[in-house]
Amino acid sequence: MNHFAPLSRRAILKGIGGLAVAVSLPLPAWAQQQPAPPPTIAAGAGANAAPGMLTAYVVVTPEGKVRVLSPTTEMGQGSQTAHAAAVADELGVDMADVSVETALPADSYRWGGFMSSGGSWGVRRWHPYIRKGAAQAREMLIAAGAARMSVPVSELTLTDGKVTHSVTGKSVGIGELVEDAARLTPPESPTLRDPATFRYVGKGTPRLDLPAKVNGQHVYSLDFKLPGMLYACARFTPVFHGEIVSFDDKAARAVKGVREVVRVPGGVAVLADNSWAAMRGADAIELTQAPSPNTSISSEALSAMMQEGLGAAKAAEAKNVGDIGAAFTKAAKLVEADYEVPYLSHAPMETWSCTALFKDGGLEIWAPTQRQDQAIAGVEKATGVPKDKVTLHTLQIGGGFGRRLVTDDGVPHAAICAKAMPGTPVKFFWRREDEMERGWFRPAQMARLKAALDQDGKVTALHIRTSGPSLAMEFAPDRIKEGELDGSSVQNLADIRYKLPNYRLDYAMRHVPVTVAPWRSVGATQNAFFLECFIDELAAEAGKDPVAFRRELLAGDKRALTVIDTAAEKSGWGKPLPEGRALGIAYFESFGSLSAHVAEVSMENGTPRVHKVTAVLDCGEVVLPDGAKSQMEGGVVQGLSTTLYEAATIAEGQTVEKNFDSYRLLRFPEAPVVDVHFIDSSEALGGVGEPGLPPTAPAVANALSTLTGKRIRTLPIMKALQARA
């Protein structure tokens, strides 16, 4: 729902550009922006075509097993199990007979012209089309069965992997029918099964990827091996966008096991028989770095630039409803506050690695990537090998959070190394220090919020100004110009559901060349903190309970009120708490879902302790309940880690934190109880992987403010508390 004139289509498209992220919009506008859906027919499956392929997503083997070809990368979010469940239910087979894998890039797995995973689109975008592809396959198998048995189609059903004649009870396994079925034309409009008959969708379906991960059999990219494979480790310039003038590799080549030294963008890679020799060789490289103006970049300088942007006369407008100036003039009370969040590292457990083989003029690549087509384009640009001679196999990712959307470094580097050693596979890998030093970061951001309250404590006007680096300027520079509106900088603020008669939203770009990329929840991470902490400040100024204050702003919005009321009820809002504890609430809409968190906190020896987070989500139909619950739990824990500890500090053009000893993450004993509740909803499918994170920081900060009487406006909280001490 949008209570204001929407952002223009042009502004939104320019803002999000080619990013594999989502800026939430009202459903009608969202629907209007969707490109044509991909073909579900097998003809669009490209190199994935195989015997027994009925549609682009369904392959049936002669033994009656089902292979599901998923358009998305599995990185722990469970979307591929959701796809398999949709096929099992719609086709009519047991999940034990279903396997799922990421497809090779082809038209049926592309949306908007490219294959990518991000923006919490894995299930909500693909679920309807995978269901349709499975329903087409079912009707093709039934038609083949009808021909085989010489009976009407209407007398046949497909359940438990068999086509059965309801009159005689005779049945035929789908494996026996698939050859005949594959010769048929898929029906354009198959009849979908009644969801009431589903055995897996919406039920407690076990994750297909978990057993191998739990027992250690799963092969991540770092585990992936090929016979005769070499290992490549690079020595990079630490400065953002730094380059080298020259290097001395004499000492590196003297290391036992080193086979070759190859220059790559930003550094030099050492190829060796094993990873240890490659790392020792990389350490022995002597680099002469090119002078760079980026060495002047620091966190302090950036904060000063963002602060200047908060008061700048010129800013890119995202929303302007009513007369904000007149409302401020008439206000009974004005409230204003500045907030700030730092750069964040993606900090995945699995560091970058990619294996490549150059043979017969082509490249075969095995990569844990979220953007297959962009990775292939990067390989072509780096090596000159044409796209049609590059085959990319997608490996499951051991922690992405947006990091694997970046394909400008790891994949092309591996391809360059492989091309230098024709016929020999090469695994290019990053060490933890490389990941921390040369990773791509969530942008730092500041916001100034100013509101007017009337004599009854009602909000009559709100102005939000965000200021900071542009995500699009660095990640997709062809989509935006200096000073324009970056959609991620105001993500989910333009279409808030709070009813405000006067509302202005704008953004002051303050660009610095720190590599930035989408981070889990993208702009919603900081914007939820800015808005929901300020809403609590307004509630305090109005002398109203934070839940009641939000209910007042959402009056008449049944969906949003249900989410807030459920969070309040399940958390025990308003009831007595143990001594020394307080509750804080935050509500936010992102990626098509509404979420509200209530955090229960205390202070222990001067350190915040979050005991419990009650998390409520309305994402429409919950396709994979266990996976959705896990995503919410993970979102809360990761959100709490960033709330309390995480920050990437910039000094002399490089990151200060090089490893987990200095880049502090939340630790196991600090994890709170996460009590997850889903709203029984008939709304359109919303995201699940990202909406659980944004409300965490404001819920915790609001609780601490109630507990201590002091407002925290800068993250991470521990750093803010230390600055006060």
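The questions and answers below examine how several descriptions of this predicted model follow from its computed values.

Q: What is Gln638 in contact with, leaving aside its neighbours within four places in sequence?
A: With those neighbours set aside, Gln638 is in contact with Phe401, Trp519, Arg520, Glu646 and Leu693, where contact requires heavy atoms within 4.5 Å. As for Arg263, which is 375 residues apart from Gln638 along the chain, the C-alpha atoms of the two are separated by 36 Å.

Q: What makes H18 parallel, perpendicular or oblique to H19?
A: H18 and helix H19 (residues 696-708) pack at an angle of about 55°, and their axes are 8 Å apart. That angle makes H18 oblique to H19, because angles under 35 degrees count as roughly parallel and those from 65 to 115 as roughly perpendicular. The crossing in which H18 passes H19 is right-handed.

Q: Which residues of H18 and H19 meet?
A: On the H18 side they are Gly635, Val636, Gly639, Leu640 and Thr643, and on the H19 side they are Thr696, Ala697 and Val700.

Q: How do you know whether Arg510 is buried or exposed?
A: The relative accessible area of Arg510 is 16%, and since the limit for buried is under 20%, Arg510 is buried. Its place is in the loop between strand E21 (503-509) and helix H15 (524-542).

Q: What joins the side chains of Arg510 and Glu308?
A: A polar contact of 2.8 Å joins these two side chains, and the cut-off for such a pair of N or O atoms is within 3.5 Å.

Q: Why is helix H12 described as mostly covered?
A: Helix H12 spans residues 410-419, and nine of its 10 residues are buried, a term that requires under 20% relative accessible area. The buried residues of H12 are Gly410, Val411, Pro412, His413, Ala414, Ala415, Ile416, Cys417 and Ala418.

Q: What makes E1 and E4 edge strands in their sheet?
A: The open sheet of four strands has the order E1-E2-E3-E4, with mixed pairing. Strand E1 (53-55) and strand E4 (98-102) each have a single partner strand, so one side of each is left without a neighbour in the sheet. Neighbouring strands of this sheet are turned by 25° against each other on average, direction ignored.

Q: How do you know that E1 and E2 pair, and in which direction do they run?
A: Two bridges join E1 to strand E2 (residues 58-60), and the strands run antiparallel; pairing needs at least two bridges. In E2, Val59 is the bridge partner of Met53. Helix H4 (residues 127-149) packs on the sheet and touches E1 and E2, its direction making about 120° with that of E1. Helix H5 (residues 174-181) also packs on the sheet, where it touches E1, E2 and strand E3 (66-70), and its direction makes about 115° with that of E2.

Q: What makes H4 parallel, perpendicular or oblique to H5?
A: The axes of H4 and H5 come within 8 Å and cross at roughly 95°. That makes H4 roughly perpendicular to H5, because angles of 65 to 115 degrees receive this description. Residues that meet here include Met140, Leu141 and Ala144 in H4 and Ile174, Glu176 and Leu177 in H5.

Terms used:
Residues are numbered from 1 along each chain as its sequence is written. This is a predicted model: local features need pLDDT of at least 70, side-chain atom pairs count only at pLDDT 80 or more; totals for chains, interfaces and linings use all residues. Side-chain values use heavy atoms; hydrogens and water are left out. Buried means under 20% relative accessible area, exposed over 50%, partly exposed in between (1.4 Å probe, protein chains only). A polar contact is a pair of N or O atoms within 3.5 Å; within protein, one must be able to donate a hydrogen and the other to accept it, and residues adjacent in sequence count only if both atoms are side-chain atoms. Axes are lines fitted to C-alpha atoms, for helices over the stretch in contact, and angles run from 0 to 180 degrees between N-to-C directions. Angles under 35 degrees count as roughly parallel, over 145 as roughly antiparallel, 65 to 115 as roughly perpendicular and the rest as oblique. A crossing is left-handed if the near helix is turned anticlockwise from the far one by less than a right angle, and right-handed if clockwise.
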